[in-house]
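The sequence and the structure go here, and my notes follow.

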2 protein chains.
Amino acid sequence: MEKKLIGAAVFGQSGGPTAVINASAYGVIRAALDAPEITKVYGAAHGIKGVLDDKLYVMDEEDPKELELLLHTPSSELGSCRYKMADPDVDDTDYKRILEIFKKYNVRYFFYNGGNDSMDTCNKISHFMEKSGYECRVMGVPKTIDNDLYGTDHCPGFASAAKYIATSCMEINKDARVYDTGMITVVEIMGRHAGWLAAASALATEFGSGPDLIYLPETDFDMDQFMDDVMRIYHATGKCFVAVSEGIHYADGRFVSEAKASATDGFGHAQLGGLAAMLANEIKEKTGAKVRGIELSLLQRCGAHLASATDVEEACRAGKTAVEEAVKGTTGYMVAFKRVMEDGKYRCDMELLPLDKVANFEKKVPLEWINAEHNGLTHDLVDYVLPLIQGEPKLPLECSLPRYARLKKVLAK
Amino acid sequence: MEKKLIGAAVFGQSGGPTAVINASAYGVIRAALDAPEITKVYGAAHGIKGVLDDKLYVMDEEDPKELELLLHTPSSELGSCRYKMADPDVDDTDYKRILEIFKKYNVRYFFYNGGNDSMDTCNKISHFMEKSGYECRVMGVPKTIDNDLYGTDHCPGFASAAKYIATSCMEINKDARVYDTGMITVVEIMGRHAGWLAAASALATEFGSGPDLIYLPETDFDMDQFMDDVMRIYHATGKCFVAVSEGIHYADGRFVSEAKASATDGFGHAQLGGLAAMLANEIKEKTGAKVRGIELSLLQRCGAHLASATDVEEACRAGKTAVEEAVKGTTGYMVAFKRVMEDGKYRCDMELLPLDKVANFEKKVPLEWINAEHNGLTHDLVDYVLPLIQGEPKLPLECSLPRYARLKKVLAK
């Protein structure tokens, strides 16, 4: 495992963007540029599609200062994709093409940053290269605001989204209680299958200004129970603030949003609003109360101005670790986070997880962290999330607005 | 005008909350507590309703450190109201009640913080007190994210909302361009009659990551022209980012959102989504493109974590000035902002405007700042807004989440 491997590196970003995926990019690119074994560093345009299309940007051509700004630039600066690779045993066209490109540029290192699907892609490429006898070290760098990657204590991107959600819920709660008239507020938070992000709104409540009720996709949703919960609090206090995960579903598996759409509207107009708007309407129709639905939408995943400095640092270190380990000889692994608590202080250690083990598993909020009524979280959730959101990154500003990285993106010939 | 007037002060917050209305509250309360002429400082619960209901909080009882946290606490901490006072010539019941309460607590100073309607309330109270021969100095403190108050260069609250909108649009734009597939994004921004806030999204474009098209209520909206604009940019670049003011309307005056609702949906379901969702759906139906509608909703007016330090300082100074002037003998005026540019540097001076002149006028975005195509702004708008959003307030944090003021709110007996 100690053999020196000389050659170029390719880095790609995949799946939905986050506030810190570019921090991981910086970790990979900076470490790769600094590694004597790595002769050239390419950034793939739109993830694996950039490799297939022979669209690689030469990172060596970039201004180091602009590259450093990636630490605080949200979204995927190189472009992302949602490209599902075929099973190579069924159709290996894409894999052969990747091998061709790797040979063309003498690529011996491949780093891929993404969530479940991307780790699966990464794993398949790793196996194909090995089978082909082409020496190429393949490493996965985790990413997902959904925090649902298996085998890692948490995922880069989650904490910054959680911090955005908690802060925004604190602010919304302040705003929603300003009049002495009744008001019910429903906030919709991302998370199709795992409710980590909606759960993070419990931090706002912990700090005195958050949702009264939180519903996650980890348990079945019951509309009658939901209405009872909301009206109980509304009648007692004149206000009610509800946070819902977009993925809440009935016992039969139907998403609450979809079920309503097909049930009441033949025109397909229900897609106009999302779940928050739909639930707000449902409450309004049944109770006559004043209700407001708010969807945090893209804002929650790209809010770099509210990023967690801990998240930024860990995301960057994950990328750096992937390069350092690959140069040392590791291949077929994803960098994972291990939480260490010493004297009550949080520390995050990097460890390596075989890609075979991580791909395509989903980690959900433990059921024992959800209260018995299925409308809130226990303190375990707060204890888990709180250390991750700490610290305010020094966001570079220009006239008090964010100054993002401006890359030249010179295409390799 | 120099006669010393000894007595208590009442302060009230009115209308929609902002990120800095509590900064004005702090300016008033702190200055009033410090003024030897003012014997007691009361905060009215829910604006003028708190006076009518005899619900006054004793500000003298509050911890000075908690009061100072009002500088960074969004929303209206004392509670707000949307209470329209009758014309006193028609029905003076409320005014008599106010006089009764003022006499009960020996209130000789009344400070009211709000927008157009609140300045109208303020004005009516001022005239009534004068007519009744009860000496009470009445001062208005401006407030509104809509920036539509007449006679002041800008309004406290506008700049922080503008900064929130510009930053969020920069982030959304980054996120919305991440895939190499087509994508149209429509962002809905507050502003029913004046388009200042939607116009502020032009700052994002100025700094390299903002909307391609911006539509304001200052001009008539044309759906066909809108579709042409969007599709031209979409076909040229594969992406299009549109910012719309919630108040855009057709030539006949109908709001675009309402017109659609009555035209296509007899169930009243169109209220499910707002304007952004409706326009997104319209574009999707006509073009088949992938479209996302995003409503910034309450977030834009309560985003204290993204406040402008300039706005916070000016909002606080407006409150302080109101007290200082009242103590000196002024009554029946609103504090207004005067922009002074010296050697290219922005400065904001306080001036006084008779309440008679300010009440119930609306200041809109000048038509000459809107481009000929009515889908964008000229550079005048950027020059106007940019100085106002400068500076990052030192937001007090607790575990990296906002630490808001926690007032005791002791009721006066």
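Predicted model: local features only at pLDDT ≥ 70, side-chain atom pairs only at ≥ 80, totals over all residues.

Side-chain values use heavy atoms, with hydrogens and water left out, residues are numbered from 1 along each chain as its sequence is written, and chains are lettered from A and ligands numbered from 1 in the order in which they are written.

**Entry 1: how the two chains are related**

I started with the two chains. Superposing chain A on chain B takes a rotation of 180° with 0.0 Å of shift along its axis, and the RMSD is 0.0 Å. That is the relation of a two-fold axis.

**Entry 2: the interface**

Which surface do the copies meet through? They meet through the same surface, because 100% of the interface residues of chain A are also interface residues in chain B. I count contact as heavy atoms within 4.5 Å. Chain A puts 70 residues into the contact, and chain B puts in 70 residues.

Between them the chains bury about 5900 Å², with 59% of it on carbon and sulfur atoms. Buried area here is the accessible area (1.4 Å probe) that two parts lose on being put together, summed over both.

Next I looked at polar contacts, meaning N or O atoms within 3.5 Å; within protein, one must be able to donate a hydrogen and the other to accept it, and residues adjacent in sequence count only if both atoms are side-chain atoms. Chain A and chain B have 30 residue pairs in polar contact, both residues being at pLDDT 80 or more. Several elements of chain A give two or more residues to the side that touches chain B, among them helix 6 (158-176), helix 11 (275-287) and strand 9 (291-295). Helix 6 of chain A gives the most, with ten residues. For these labels, helices (H or I, at least four residues) and strands (E, at least two) are DSSP runs numbered from the N terminus.

**Entry 3: salt bridges**

My rule for a salt bridge is a side-chain nitrogen of Lys or Arg within 4 Å of a carboxyl oxygen of Asp or Glu. The whole structure has 51 of them over all chains, and six cross the interface of chain A and chain B.

I picked out B:Lys174 and A:Glu77, whose side chains meet in a salt bridge at 3.1 Å, N to O. The pair runs from helix 6 (residues 158-176) of chain B to the loop between helix 3 (64-68) and helix 4 (93-104) of chain A. B:Lys174 counts as buried at 18% relative accessibility, and A:Glu77 counts as buried at 10%. I also found A:Lys174 and B:Glu77 in a salt bridge, at 3.1 Å, N to O.

Inside chain A, A:Arg232 bridges to A:Asp229, with the closest N and O atoms 3.4 Å apart. These two are separated by about one helical turn, because they sit three residues apart in helix 9 (residues 223-237) of chain A. A:Arg232 is partly exposed at 49%, whereas A:Asp229 is buried at 3%.

I noted a network of salt bridges too, linking A:Lys84, A:Asp117, A:Asp120 and A:Lys124.

**Entry 4: helix 9 of chain B**

Helix 9 (residues 223-237) of chain B has 15 residues and reaches 21 Å from its first C-alpha to its last, close to the 21 Å expected at 1.5 Å a residue. That expected span is 1.5 Å times one less than the number of residues. What caps the N-terminal end of this helix? B:Asp222 does, with a side-chain oxygen 2.9 Å from the backbone nitrogen of B:Asp224. Just after the helix, B:Gly238 takes a positive phi of about 85°. The buried residues of the helix include B:Met223, B:Phe226 and B:Tyr234.

**Entry 5: two single residues**

A:Asn173 has its place in helix 6 of chain A and counts as buried at 7%. Its side chain makes a polar contact with the side chain of A:Ser209 at 2.9 Å.

B:Leu216 lies in the loop between strand 7 (213-215) and helix 9 of chain B, and B:Leu216 is buried at 5%. Leaving out residues up to four places away in sequence, B:Leu216 touches several others, including B:Gly195, B:Ile248 and B:Leu377.

Definitions and conventions: Buried < 20%, exposed > 50% of the residue type's maximum accessible area, 1.4 Å probe, protein only. Least-squares fit on C-alpha atoms with pLDDT ≥ 70 in both.
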